[in-house]
Amino acid sequence: RQLDAVYNSQVTISSGPAIQAQYRVLESITHQFECIAPNMEQEALQDKRVRQAISYALDRSELINRVYVGHGTASVIPVMPNSPYLDAKLPAYDHNLDEAAALLKKAGYVDSDKDGVVDAVTEKGVTKLSLRLVVNETTDNVLRKDAAQTVAEQLRKVGIEVTVEALEWDAYEKAVEEKDYDLLMAGIYLGNTPELSPILGTDGA
């Protein structure tokens, strides 16, 4: 029995073991980089401590195992994990809910009304930390939406309320262009030679 290739959207938590039981599975590192991009024009996300709290609240191991059936590699920066340009000494935001909660508190966010969502007192009054996570919904990549839902569940553990908004491609492109999102789930193709200015530069897309 021979199976040359299978789309990653066809491999799920339930089907993964069945495929491995019937076929010899050969794996290779792809150039696909999945990431969450913050909208730096969103008031709460302009605070570095809030962005750091989000990074600490994310459980990348759970995300990889739950959504991608264990077939993924956590990365600190958008560089191929086998690239000679990758600095292994870069600091990583390991999963740490206590550190995330502490950073949110330093940024002025506490759950004052005990509803499970942190809030801050600003000039506009009491503002809850509620964010929209925009993701594109396509038939050839259903896993990205699943990943977004998992991210929302993880951030809720530190009191960040996340609403996942799945958009068709045209609406998604418009949201990206107009920066109509708080957090953006996106996939980026990485080349062998890192060129990060389109991703990290102030003039990047």
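How many helices and strands make up the secondary structure of the protein chain?

## Overall make-up

The protein chain comes to seven helices and six strands. The model is a predicted one. Read from the N terminus, the elements follow the order α-β-α-α-α-β-β-β-α-β-α-β-α.

## Burial, surface and contacts

The protein chain has 205 residues, and 34% of them are buried. Its accessible surface is about 13000 Å². Carbon and sulfur atoms account for 50% of that surface.

Sequence separation of contacts was also computed. Take the contacts in the protein chain between residues at least 6 apart in sequence: 72% of these join residues at least 24 apart.

## How H2 and H4 pack

Helix H2 covers residues 48-57, and helix H4 covers residues 97-106. Their axes come within 8 Å. They cross at roughly 165°. Angles over 145 degrees count as roughly antiparallel, so H2 and H4 are roughly antiparallel to each other. The crossing of H2 past H4 is left-handed.

## Residues at the H2-H4 contact

Which residues of H2 meet H4? From H2 come Arg49, Val50, Gln52, Ala53, Tyr56 and Ala57. On the H4 side, they meet Leu97, Glu99, Ala100, Leu103, Leu104 and Lys106. By class, the residues of this contact split into eight nonpolar, one polar and three charged. Gln52 belongs to the contact on the H2 side, and so does Arg49. Glu99 and Lys106 belong to the contact on the H4 side.

Technical notes. Residues are numbered from 1 along each chain as its sequence is written. This is a predicted model: local features need pLDDT of at least 70, side-chain atom pairs count only at pLDDT 80 or more; totals for chains, interfaces and linings use all residues. Side-chain values use heavy atoms; hydrogens and water are left out. Axes are lines fitted to C-alpha atoms, for helices over the stretch in contact, and angles run from 0 to 180 degrees between N-to-C directions. Helices (H or I, at least four residues) and strands (E, at least two) are DSSP runs, numbered from the N terminus. Angles under 35 degrees count as roughly parallel, over 145 as roughly antiparallel, 65 to 115 as roughly perpendicular and the rest as oblique. A crossing is left-handed if the near helix is turned anticlockwise from the far one by less than a right angle, and right-handed if clockwise. Contact means heavy atoms within 4.5 Å. Ala, Val, Leu, Ile, Met, Phe, Trp, Tyr, Cys and Pro count as nonpolar, Asp, Glu, Lys and Arg as charged, and the others, Gly among them, as polar. Buried means under 20% relative accessible area, exposed over 50%, partly exposed in between (1.4 Å probe, protein chains only). Accessible areas come from the Shrake-Rupley method with a 1.4 Å probe; for residues, only the protein chains shown count as cover.
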